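This report describes selected features of one protein model.

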Amino acid sequence: PIYRSKEIHDTTPQNDEDSSPRYLCDYTLNRCTRWLRILGVDAALETQEEEKERTKSNNPTLFRRCRSERRTLLTTSKNLLLRKDCPPGAYLIDPKKTSDLEKAMVQLFLTHGVVLRPSEFVTRCVVCNGTIYTVANEEDKVKMFEANGCPNLKTDLSVYACNGCGQGYWWCTEMPTSSATRVKEQAGHLFWQCLRGGVPYEGDLRMFDFVDPEAERQIGEDEGTLAGKGRPEAPMEGVIGWLKDKNLGHSFELRSSYALVDKDAENKVMGEMLPFTNVTADFVGLLDYIFFETSEFEQTHRVEVPTSFRKLNDTGEAGGHLLPSDVWPSDHLALGAKFVLKGIEPVAMQEEKAAAAASIPGVGWAIPAANHQPGFPMCDCGCVPKVPSLFEMAELRKQARLKAEKEKGS
């Protein structure tokens, strides 16, 4: 958005690649929603009908909107965050008074790396989150004044309107208590609080040139603004800086233990053999990995994991592929792999254990190396307890399932 003199002129976004957060606030955060909009932040609000539905539905509209509109949920409800289908990244705000809400908003901006732009302040409608545009036609101005109960105002005023709900805005120096003037004052107050809390800003101050950013930052340094403890520690800003760095990388030669490798092309990774590790009613995706450094380790085995809904639900029951289930007790499939350090020859396990593992086809170790002697012995002094490994537990679970199916069939 651009300002001319001290007035809003155009609300076309300046940067199409802007990745600023977009929020969806629950119904109890009505005031916070208005403040976010005043500062030019895209913030939607849960409706009263959606709030009533949320208390009764297992899949509330609030959650669906977060996913479909790609918004981060802001809520005052701890119980809402504990729900299994709560969208990832949901943020808890627990204000007891107005000053707490201001501090919570500052902390929210710092956590999400928000950069304020004064040129975007007061460019969103506080009523509906729509975009404010200039009303240039005098006839349209007159209609706007009449619609808002002010038919005697002069048409030489700069008038603006929301492209969503049609709400009108104008600056009127003769009426310092007008709604537009109050919004501007609130924007200035919030800007002060953000500056004192260390929230960064960029661009010209434009109509907020009455704010002295350096003086406000010094007040924040001297007095502290976040719960009386001053600003958050600098490492927080460092972490946010990493995450926003498009060139973020590392020097490790990492590979997934479930990678599809083309051995004829110098072990080039072609993708992942697992299509998913998490399967719920509204999400299917690959969330879990085991990475290892190929220059230091050689993979010798991996645990077999279902790669289709049919394998998750061999009984054919409706919804039987969803996790968790009676066969798969977690909402994530357990992955497992064995590695040996390159240049170190592994020691053989006890003969009966190796023979027992080898006698079960298609279970346990899925990719034994030709020259590998699986496993390592227990410590001679007995300090390492003989607790079943992840792979042995997986085999015991499968054997129990096969036994139950056999008994059911008989």
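## Sheet

In what order do the strands of the open sheet of 4 strands stand, and is the pairing parallel or antiparallel? In this predicted model, the order is E4-E3-E5-E6, and the pairing is parallel. Strand E4 (43–45) and strand E6 (91–92) each have a single partner strand and stand at the edges, so one side of each lacks a neighbour in the sheet.

Strand E3 (residues 23–25) runs parallel to E4 and is joined to E4 by 3 bridges. Within this pair, Leu24 is opposite Ala44 in E4. Helix H1 (residues 30–38) packs on the sheet, where H1 touches E3, E4 and strand E5 (72–75). The direction of H1 makes about 155° with that of E4.

## Nonpolar cores

The largest nonpolar core contains 43 residues. Leu36, Leu74, Ile93, Phe109 and Leu116 have the most contacts inside this core. At least two core residues come from each of E3, H1, helix H5 (98–112), strand E8 (159–162) and helix H7 (179–197). In soluble globular proteins, nonpolar side chains tend to be buried together.

Which residues does Phe109 touch, if residues up to four places away in sequence are not counted? Phe109 touches Leu36, Leu39, Val41, Val114, Leu116, Cys194 and Val199.

## The H1–H5 pair

The axes of H1 and H5 are 11 Å apart, and the two helices pack at an angle of about 50°. H1 and H5 are therefore oblique to each other, since roughly parallel requires an angle under 35 degrees and roughly perpendicular one of 65 to 115. Their crossing is right-handed.

On the H1 side, the residues involved are Arg31, Cys32, Trp35 and Leu36. These meet Thr98, Leu101, Glu102, Met105 and Phe109 in H5. Leu36 and Phe109 are also among the residues with the most contacts inside the largest nonpolar core.

## Cys128

Cys128 is located in the loop between H5 and strand E7 (132–135).

Apart from neighbours within four places in sequence, Cys128 contacts Arg37, Cys162, Gly164 and Cys165. Cys128 and Gly164 are 36 residues apart in sequence, while their C-alpha atoms are 6.8 Å apart in space.

Methods:
Residues are numbered from 1 along each chain as its sequence is written. This is a predicted model: local features need pLDDT of at least 70, side-chain atom pairs count only at pLDDT 80 or more; totals for chains, interfaces and linings use all residues. Side-chain values use heavy atoms; hydrogens and water are left out. Two strands pair if DSSP finds at least two bridges between them. Contact means heavy atoms within 4.5 Å. Axes are lines fitted to C-alpha atoms, for helices over the stretch in contact, and angles run from 0 to 180 degrees between N-to-C directions. A nonpolar core is a set of buried Ala, Val, Leu, Ile, Met, Phe, Trp, Tyr and Cys residues joined through side-chain atoms within 4.5 Å. Buried means under 20% relative accessible area, exposed over 50%, partly exposed in between (1.4 Å probe, protein chains only). Angles under 35 degrees count as roughly parallel, over 145 as roughly antiparallel, 65 to 115 as roughly perpendicular and the rest as oblique. A crossing is left-handed if the near helix is turned anticlockwise from the far one by less than a right angle, and right-handed if clockwise.
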